[in-house]
Each structure stands twice: as structure tokens, then as C-alpha cells.
Amino acid sequence: MDKHLITGGVSLQGEVRISGAKNSVLPILAGCLLTDQRVIIKNVPHLNDVTTIMKLLGQMGAKLTISEGLTIEVEAGGVDNPNAPYELVRTMRASILVLGPLLAKHGRATVSLPGGCAIGPRPVDFHVQGLAKMGAEITVEGGYIQAQVKGGLKGAHIKFDIVSVTGTENLMMAAALAKGTTIIENAAREPEVQDLANFLNTLGANIQGHGTDTIVIEGVKALSGGTYTVLPDRVETGTYLVAAAMTGGRIVTKSTKGNLLEAVLQKLEEAGADISLGEDWISLDMRGNRPKAVDIQTAPFPGFPTDMQAQFMALNTIAIGKGTLVETVFENRFMHAHELRRMGANIQLNGNTAFIEGNSNLNAAPVMATDLRASASLVLAGLVAKGTTIVDRIYHIDRGYECIEEKLAQLGAIIKRVAA
Ligand code: EPU
């Protein structure tokens, strides 16, 4: 297993290009299953999760071509095996996103249950209940969801108890080809949900209200082909900005948009950063200063994203003062706290709250990545720690950060990948 070796102490400077959003491209690729015609997706990030969903679509019978640059062409007209096996689903929970499109287009699907994961139990009951309300017969047997629908899905009125990003996406895709109108209440408002809706509308779907908490989908008979460009990754953007803030640096993130991450930018300003925004860039200047600790409570969009909580925990460990992080979206998303403590961080955990007292020094240590964003927080800590930090199990980071060591090295960081 590859490891990252990071020697801390360099203040990050320069420009970095932000990739397409992982959490947009995964549902968009799943959404390609809804049409027989050719779809061209641009600004696709080169990530392990993208490879996984491409494998999944490929073994179902879709034809995928990676053309020059960051473009993928998908033709799902030949899909004849609407199954998602455990071997692929277990490495990526987002594989559940094929369930809605397969049912809507093929009337049947067999999808492995994703199971537990490092950030909490993360069930898929909302996905299953919503599809059942649309007329699907669903059983769970031997770890697999077996779903079928006779005569096609029907529009339904669905209200989520808790906001669910992939739940909203799965039902929105299913509803795109259902008979009649589907209303999703308490829908997720995340930019990636909006991106998926815009993509489906490009193919001829009739979706309205995306970006609000009520989405209305008027089913259509068929979707066409089309070309779509994936939106920038707001979590990747935020991660580089936090890296710059922690190292007292000055960077510009390019090919990204400030309106995707206002709650994050506000916290960076509270931490003492100067932020400027352009049409497609965000700059951060820390003027060599140590950040001030910030208090954060995670929440669905437009609140502070849970996917940036670990990175701000790393920031608070070296900040001036004390900061409190409250994680309200997932039950068990503090695994990184234990690893950060190994580097000398002062973190106390109490249920879903972390109390962090800033410290001017972290010390390098061997640490272990436990999930995607946790790994990012360990890399950030390595950038400011004294000595050389070894981050093990970086396959987690490769799931969601394109070329992280090249991008950080371009900003001046001393980081390399070594094979174990
Ligand atoms: N939940 C249920 N039942 C369900 C679905 C969700 O109880 O059927 C609960 C979850 O356990 C959780 C809450 O609802 O407590 C919200 O989970 P959600 O369904 O929104 O999460 P998700 O759709 O599985 C997506 C992202 C995550 C991101 C969350 C929250 C993708 C592919 N994944 O997950 O991204 O943290 O939304 O914003 O879009 C990451 O990129 O590192 C990542 C984990």
C-alpha cells in the first residue's frame, strides 16, 4: 500500500487547478444509465471512485471511452446486466446510485448493500422506501437489494426525515422516467444535487426546484444524449485553502467558484485569512500568520459541510485559541482525531463534539488514513508538523483527490508517494 511522506514547515504559495467534483461525477455517470444515447461528460476528475463506477457501468454492458483530457463518453444502450456486485459496491458506497436509474430504465436491478463504513452505519433505507413508494417491489436477501417494477415506476410524493444527498439523487433519477409527477420534500440542496438535475435536464428531463428543499420531477418517456461539464469540486477547493491557511501561505485556487463554499470561506475569514473571489478563482492570503481557532457545526448545504470537518480539525490543532467542532451529519466521523493526537494535537471528544486546543507545534509521526476526508486532515497536519510524517493507507485519499502530491508540490510542499 502506498504512503505519503510529508516534511512540514513550508508556507504554501502559488496557483492550483481544481478538478471536477467527485460527488457530482459519480451520480452523473450513474445517470447515463437512463438513456440509450451517447453522453459526453467533461471535466471528469481522475479518481479511484470514478474508475470504480466506470467498471460498474462497463460490467453491466455500457460502452465507455475516455477521450483526450478529462472527457468520458458513455453509451448505455447495450446494458443487459443490471447488477452491482459486492466486490465493487463495498469499495464505494456511491454505487447505490445505480439502483434508481436501473429500475427506471430496465424495470429491475440487483445491487449489493453497501454495508457499514468508517464514518457511521450509513443505511440506504430512504433510497429503498422512496423507490417502493414509486411502485417497486424490493426485497433484501443475502446482502443484496433485489428490486423490480412491473409496468414502470410511478410518480410519488416523498418526504425525507433527514436530508440525504445520494437518497435525493437516486429518487430524482428514478423519477425522471417515471409516469407522472414526483415531489421530493426535505430534499438535499447540495451543489452536486443541482449539478445532477442540470445534467438530466440537458438530456431532456423535466426537473424543477433543485437547489431548494422541494424538487418536482415530471417524468418523461425517454432521455436523449448530450454533453455536460461537471462542476468544480468544492471540497478539494476547501482542502487546498485550509492547507494554505495552516501554513501561513498565499494561494489561488483556479477553475472553481466561491458560491459553492460560502460557509467554508466564512470560517477561513474568521480564522484570519484574506479571501478574494473572481469569476472562476478564489485566493487566500494568510500573510504568514497562524490561524485563529474557529467553532463549527456541520449541517446539510448551505450549512458547513461535513466533508470539510476533518480539515478544520487539523487547522484548529495548530491555531491560536480553542475551537469546538460539532458533527451533526454522521455519527462517527472523528477517526482522524485519534491520529492527530499521535502528532501531539490536543483534542477531547465527547459524543458528536470535539474540543480542540490549538498548539503552535505538531510533531511528525506515522499515522493511518481511515477515510477520505480523514486522510486529507492528516496530510494537512503533516504540512505543518516538525519532521517527516508518514501517512499510511492513502488509497483512501486517491478515491477523492486528483494528483494530490503533484498539486501540493506545485504549491511548494515537500511531499512524495512511496510504495510500501
Ligand atoms: N441516512 C439514513 N438513511 C438513508 C440515507 C442516509 O439514515 O437511507 C443518514 C446517514 O446515515 C447520514 C445522513 O442521513 O447520517 C446523511 O447522509 P447522506 O445520505 O446525505 O450521505 P450520502 O449521500 O451517503 C453524500 C456524499 C458524502 C457526504 C454526504 C453528506 C456522495 C457520493 N457522498 O453521502 O461524501 O459526506 O453526502 O454531505 O455524494 C465524501 O466525499 O467524503 C463523502 C463521504
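Modeller: Let us begin with accessibility in this predicted model. Partly exposed denotes the range between under 20% (buried) and over 50% (exposed). R287 has a relative accessibility of 47%, so R287 counts as partly exposed.

Biologist: Where is R287 placed, and what is its phi?

Modeller: Most residues other than glycine have a negative phi. R287, however, has a positive phi near 50°. This residue belongs to the loop between β17 (281-285) and β18.

Biologist: Which value does phi take at N186?

Modeller: Phi of N186 is near 55°, again a positive value in a residue other than glycine. N186 sits in the loop between β11 (181-185) and α7 (191-202). With 25% relative accessibility, N186 counts as partly exposed.

Biologist: Turning to packing, which residues of the largest nonpolar core touch the most other members?

Modeller: They are I41, V98 and F199, in a core of 74 residues. Leaving aside residues up to four places away in sequence, I41 touches V25, I28, L29, C32, L70, T71, I72, F199, Y228 and V230. Another core, of 66 residues, lies apart from that one and includes A21, V235, A376 and I415.

Key
Residues numbered from 1 in each chain as written. Predicted model: local features only at pLDDT ≥ 70, side-chain atom pairs only at ≥ 80, totals over all residues. Heavy atoms only, no water. Core = buried A, V, L, I, M, F, W, Y, C linked by side-chain atoms within 4.5 Å. Buried < 20%, exposed > 50% of the residue type's maximum accessible area, 1.4 Å probe, protein only. Contact = heavy atoms within 4.5 Å. Helix = DSSP H or I, 4+ residues; strand = E, 2+ residues; numbered from the N terminus.
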